Amino acid sequence: MKHTIAILIVTFFISYTTKTFSEDKKEIVKAPKIELAQWMQGEIKAEKGKNFYEGKTFVLEFWATWCGPCRRMIPHMNELVDKFKNDSVLFVSVSDEKKETVEAFMAKNKMKASVALDNNDKTFSAYGVSSIPQMFLINTKGEIVWGGHPVAFTEEMLSHYLKTGEILQAKEE
């Protein structure tokens with residue numbers, strides 16, 4: 001009984017916190033500017049006069065070292081990076097913690113995505129992130145096409161998006 005209740009709570013939480021931005025095709029949600037304080041791993045260089053993510057499909061994850069659900073999503077994110085690294089998809093995990101905290105964590109935990117710091121809370125605020133983990137899929141035009149909890153962002157969803165330009169909707173049970 002407790003197991004069933006826990007599953008229902010998690011399902012409700014995921015459903016409640018996941019917003020698919022492509023549901024309303026008329027509304028285009030421009031991705032806010034990404035202002036990073038420092039790259040910790042896998043710095044992505046920008047072409048002169050452009051942002052590092054312009055013209056690319058981009059997965060932006062917000063996380064923290066102290067966040068249990070964030071830590072549990074690392075293997076999922078690593079699998080996505082491995083699967084789609086040759087498809088010109090950028091993966092960036094952003095933390096708002098101190099450099100020393102993230103460095104110590106990364107020394108013990110393998111993260112395959114690029115990792116950056118948002119020490120001034122500019123990017124967290126711009127994306128309206130009030131709970132973590134949180135993930136966004138940004139298209140080559142700089143528009144948010146999906147946002148929500150990373151557990152709802154599947155390999156199948158990203159693969160379908162890259163082939164069709166449309167988000168694969170979760171199946172109703």
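Residue M77 lies in helix α2, where helices (H or I, at least four residues) and strands (E, at least two) are DSSP runs numbered from the N terminus. The model is predicted, so local features need pLDDT of at least 70 and side-chain atom pairs count only at pLDDT 80 or more, whereas totals for chains, interfaces and linings use all residues. Residues are numbered from 1 along each chain as its sequence is written, and side-chain values use heavy atoms, with hydrogens and water left out.

With a relative accessibility of 2%, M77 counts as buried; the term buried denotes under 20% relative accessible area, exposed over 50%, and partly exposed in between (1.4 Å probe, protein chains only). Leaving aside residues up to four places away in sequence, M77 touches V59, E61, F91, V92, S93, A113 and M135, contact being defined as heavy atoms within 4.5 Å. M77 and M111 are 34 residues apart along the chain, and their C-alpha atoms are separated by 8.1 Å.

M77 also takes part in the lining of the largest cavity, together with E61, C70, M73, I74, N78, S93, M111, K112 and A113. A cavity is here a set of points, on a 1 Å grid over the protein atoms alone, where a 1.4 Å probe fits but cannot get out, and lining residues have an atom within 4 Å of a point. Grid points are joined across faces, edges and corners, and a volume is the space filled by probe spheres set on the points. One cavity of 30 Å³ or more is present in the structure, and the volume of the largest cavity is about 40 Å³. Helix α2 gives the most to this lining, with five residues. By class, the lining comprises six nonpolar, two polar and two charged residues; Ala, Val, Leu, Ile, Met, Phe, Trp, Tyr, Cys and Pro count as nonpolar, Asp, Glu, Lys and Arg as charged, and the others, Gly among them, as polar.

In α3 (residues 99–108), the buried residues are V102, F105 and M106. These residues cover an arc of only 95° around the axis, which puts them on the same side of α3; the arc is that of the directions from the helix axis to the C-beta atoms. The face of α3 turned away from the buried side carries the exposed residues E100, A107 and K108. Among the elements that cover the buried residues of α3 are β1, β2, α2, β3 and β4 (114–117).

In α5 (residues 155–164), M157, L158 and Y161 are buried. Seen down the helix axis, the buried residues of α5 fall within an arc of 95°, so they line one face of the helix. Exposed residues E156 and K163 are carried by the face turned away from the buried side of α5. The cover over the buried residues of α5 includes β2 (57–63), α2 (68–84), β3 (89–95), β5 (134–138) and β6 (144–148). G165, whose phi is positive, near 80°, follows α5.

Several loop residues complete the description. D121, in the loop between β4 and α4, has a positive phi of about 60° although it is not a glycine. At 35% relative accessibility, D121 counts as partly exposed. A cis peptide bond, with omega about 0°, joins I132 and P133, and P133 is placed in the loop between α4 (122–126) and β5. G55 is found in the loop between β1 (38–41) and β2 and counts as exposed at 54% relative accessibility. G55 and S88 are 33 residues apart in sequence, with a C-alpha to C-alpha distance of 9.8 Å.

Key
On a 1 Å grid over the protein atoms alone, a cavity is a set of points where a 1.4 Å probe fits but cannot get out, and a pocket is an open set with protein on both sides within 12 Å along at least five of seven lines; lining residues have an atom within 4 Å of a point.
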